[in-house]
Every structure is written in structure tokens, then in C-alpha cells.
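Work through the exercises below with the sequence and the structure open beside you, and try each task before reading its solution.

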Amino acid sequence: LISGEGTATSSGSISLQSANSGASGTSGILIFSSGSAQGGNSGAVLIGTGAATAGRAGRLSITVGSGTSGAGGDISVAAGRSTSSTGGIVCIISGEGTATSSGAILIQSANSGDS
């Protein structure tokens, strides 16, 4: 699945989404998954943006929607389990700044409500 190339201006866009639900349903699920492996390594799921040579690099944003009659959605990041070796690593690295400072890593809890 590839969008069109833009040799003089922007390239095309790709939008992949589930449709909105009806008044009493839930919207659909998007699943991105590699298959299991019996005799070797399982596949990888890679998500990234391209580099920019004359502008800002792309942005990757993962967000969860708000809820009006229940708790907000969750984001979970977990490394893999191993039964015969070391478990996986969760690694968060800020961007390098070769001309100025490197990027920051911010972890913040939002303000609470009244109750």
C-alpha cells in the first residue's frame, strides 16, 4: 500500500480507519500484527516517518480518544517475555541535536478532577 510520489511537491496520503459506529454501538478495531513463528523469529511491525533534507522531519503521534461517560482510553507499552533468555527492552530516546540541544523526554500526569 503506497501513495503516489510527488517529484515537485508533496506525495499523496493514505488513510486507514474504521468507520464510525451507530448510536448504540462501538466503532471498529484496527489490528496491525505480524504472524507467529514456530522455528525462528516472528516478524516485526514498523511505524515511522521519513527523513527531511530541507525541512523538519515527520511526526509520529499515538493518541487515545476521550470518553464522556467512562474512563479515558489507555496506552500500554510492553516489551516481550522470554522463557529462555532476557526479556525485551523498552527504550525511549530523544532526538539528537547536532547543532543545538538534543530533544527532551517528558512524562507527565494530567490534572485531576474535583472528586
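**Exercise 1.** Decide whether Ser-15 is buried or exposed in this predicted model.

*Solution.* Begin with the relative accessibility of Ser-15, which is 62%. The cut-off for an exposed residue is over 50%, so Ser-15 counts as exposed.

**Exercise 2.** Describe the surroundings of Ser-15, starting with the side chain that makes a polar contact with its own.

*Solution.* The side chain of Ser-15 makes a polar contact, at 3.5 Å, with the side chain of Gln-17.

**Exercise 3.** Characterise the chain as a whole, from its secondary structure to its dimensions.

*Solution.* Second, consider burial, where buried residues amount to 0% of the 115 residues. Third, take the contacts with a separation of 6 or more, of which 0% join residues 24 or more positions apart. Finally, compare the radius of gyration, 20 Å, with the value near 13 Å that a compact globule of 115 residues would have; along the principal axes, the C-alpha atoms fill a box of roughly 45 × 45 × 35 Å.

Terms used. Residues are numbered from 1 along each chain as its sequence is written. This is a predicted model: local features need pLDDT of at least 70, side-chain atom pairs count only at pLDDT 80 or more; totals for chains, interfaces and linings use all residues. Side-chain values use heavy atoms; hydrogens and water are left out. Helices (H or I, at least four residues) and strands (E, at least two) are DSSP runs, numbered from the N terminus. The radius of gyration is taken over C-alpha atoms; the globule rule is 2.2 Å times the number of residues to the power 0.38. Buried means under 20% relative accessible area, exposed over 50%, partly exposed in between (1.4 Å probe, protein chains only). Contact means heavy atoms within 4.5 Å. A polar contact is a pair of N or O atoms within 3.5 Å; within protein, one must be able to donate a hydrogen and the other to accept it, and residues adjacent in sequence count only if both atoms are side-chain atoms.
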